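Subject: Structure handover

Hello,

Here is the structure for you to look over. My notes on what was found follow below it.

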Amino acid sequence: MTEDKAGRRGRSARRDGAAKPHGVPYIVRNIPTYDILSEENLQKIERTADRILAEVGIEFRDDPFAVDHWKRAGAKVDGVLVRFEPGMLREIVSSAPSVFTQYARNPANSVQIGGDNVVFSPAYGSPFVMDLDKGRRYGTIEDFRNFIKLAQTSPWLHHSGGTICEPVDVPVNKRHLDMVYSHIKYSDRAFMGSVTAEERAEDSVEMARILFGAEFVDQNCVILGNVNVNSPLVWDGTMTTSLRAYARANQAAVIVPFILGGAMGPVTNAGAIAQSYAETLAGCALTQLERKGAPVIFGNFLSSMSLRSGSPTFGTPEPAIGSMVVGQLARRLKLPLRCAGNFSNSKLPDGQAMQEGLMSMLSAIHCGANFILHSAGFLDGLLSMSYEKFVMDTDLCGALHSYFAGVAVDDNTLAFDAFEEVGPGSHFLGSAHTMRNYQTAFWDSTLSDNEPFEKWSEEGGSTDIATRANRQWKKTLEEFEAPPLDVAVDEALCDFVARRKASMADGWY
């Protein structure tokens, strides 16, 4: 198939394959962010990050092209160690857009990332999956597709995500092809590609070109790549070559340090924030050196650890409050933010899971995060994707839609006509105002049990929320119908996948 035909078929797929959206395509926040640090203290963190960049530096390993970029930009290069003058990286990232659109194959599901916009995306990267029936096990391509279907069906998520779980039954060097194809096939929402090798990033972008058309992709963002710093202060070639592959194709890289306080960074919040700021800023700047104006997302993943055992801990208060500061710093850079999510160390979809998850998720809400990866399914310290918690978390995302809406104040919501009608000592149940507003007044959970104890025990079988979630995800998968995909585009994608797989031997390393 020629490039021109691929482009026409891709555009046709966006028109003809458009299904009705399941809800709003993304949230526009109507509540303010929560700024906790003063201008003086923000400047202290920025100055410390500047000192780290200028006096300690960051290593860029196994990617001479990245090092050459820094040389041409005027950084001080000593082998793979690069040092930056204060303010240099902030000047470079000023060319990145503060808001951009990631287009979905269904235009109604395209998302705006940045500004006051918020996008919920599933959790990412777990090697295991778990459910109440089969317990914990390695993820498969069937599990991967199941989670895409659950995300596609939820009215409260906005994005198909990326590596929702690792399909370990597919060779390592080929699974990215099946994963990207599955996102395209079973979802009509925006999605993420592979970052585990430069050629896999390029394959991901090429599949997006088949779907959308090469010219459209060159001018618009249609795919994200989530890249991680090797903290402390190391960018390795696997990540920088993938980062650059997305940037030169004008696609968005999400730049994310993963800092465990006391291991990959200081145990103190301010020091860890300064480190993450320096590492993220360097990655964001590199995208602009690869292609000026390419979209990029300023990411952050602060976490604590148990200093008694050395185990990572998630959903704890220190990283949650640290996220507030990261949000302030990202807004000063005028960059879209990925920060926090629904984190938990619990091994079950239980009270611990929801306590920790809500702690970290609210920090994402209040810090001003625009792209919230790990919105649903995160369990077992990110080692496991839970079917039940996925459903429970999407239900929470529904509640957060209402939370983001804030409080509307107008003649209808002030309800004076209701007071006139009801008067003292009566009730509002049958009032005209209640009847006019009751269907939209309150968010209505599909999982919570609000019945009296007797009805819950006698008619409901005394079930807990995890059991109800188990029933719901099974019903959802049983009823799932994939959104329409243009036949010619599907054939072209399958042909590309088949040719790429045939070009290499299976790699199980």
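For the classes used below, Ala, Val, Leu, Ile, Met, Phe, Trp, Tyr, Cys and Pro count as nonpolar, Asp, Glu, Lys and Arg as charged, and the others, Gly among them, as polar. Please keep in mind that this is a predicted model.

On that scheme, the lining of the largest pocket consists of 15 nonpolar, 12 polar and 6 charged residues. The volume of this pocket is about 680 Å³. Its lining comprises 33 residues, of which Tyr124, Gly125, Glu166, Asn228 and Leu382 are the closest to the centre. At least two lining residues come from each of α6 (175–186), β11 (223–229), α9 (237–248) and β13 (252–260).

Next, a sheet. Four strands form an open sheet in the order β9-β8-β19-β18, and the pairing is mixed. Strands β8 (residues 128–131) and β19 (residues 384–386) run parallel and are joined by 3 bridges. Methionine 130 has serine 386 in β19 as its bridge partner. Helix α13 (residues 387–405) lies across β8, β9, β18 and β19, at about 65 degrees to β19.

Is asparagine 146 buried or exposed? Its relative accessible area is 12%, and buried means under 20%, so asparagine 146 is buried. Leaving aside residues up to four places away in sequence, asparagine 146 touches Tyr387 and Leu477.

Regards

Definitions and conventions. Residues are numbered from 1 along each chain as its sequence is written. This is a predicted model: local features need pLDDT of at least 70, side-chain atom pairs count only at pLDDT 80 or more; totals for chains, interfaces and linings use all residues. Side-chain values use heavy atoms; hydrogens and water are left out. On a 1 Å grid over the protein atoms alone, a cavity is a set of points where a 1.4 Å probe fits but cannot get out, and a pocket is an open set with protein on both sides within 12 Å along at least five of seven lines; lining residues have an atom within 4 Å of a point. Grid points are joined across faces, edges and corners, and a volume is the space filled by probe spheres set on the points. Two strands pair if DSSP finds at least two bridges between them. Contact means heavy atoms within 4.5 Å. Axes are lines fitted to C-alpha atoms, for helices over the stretch in contact, and angles run from 0 to 180 degrees between N-to-C directions. Buried means under 20% relative accessible area, exposed over 50%, partly exposed in between (1.4 Å probe, protein chains only).
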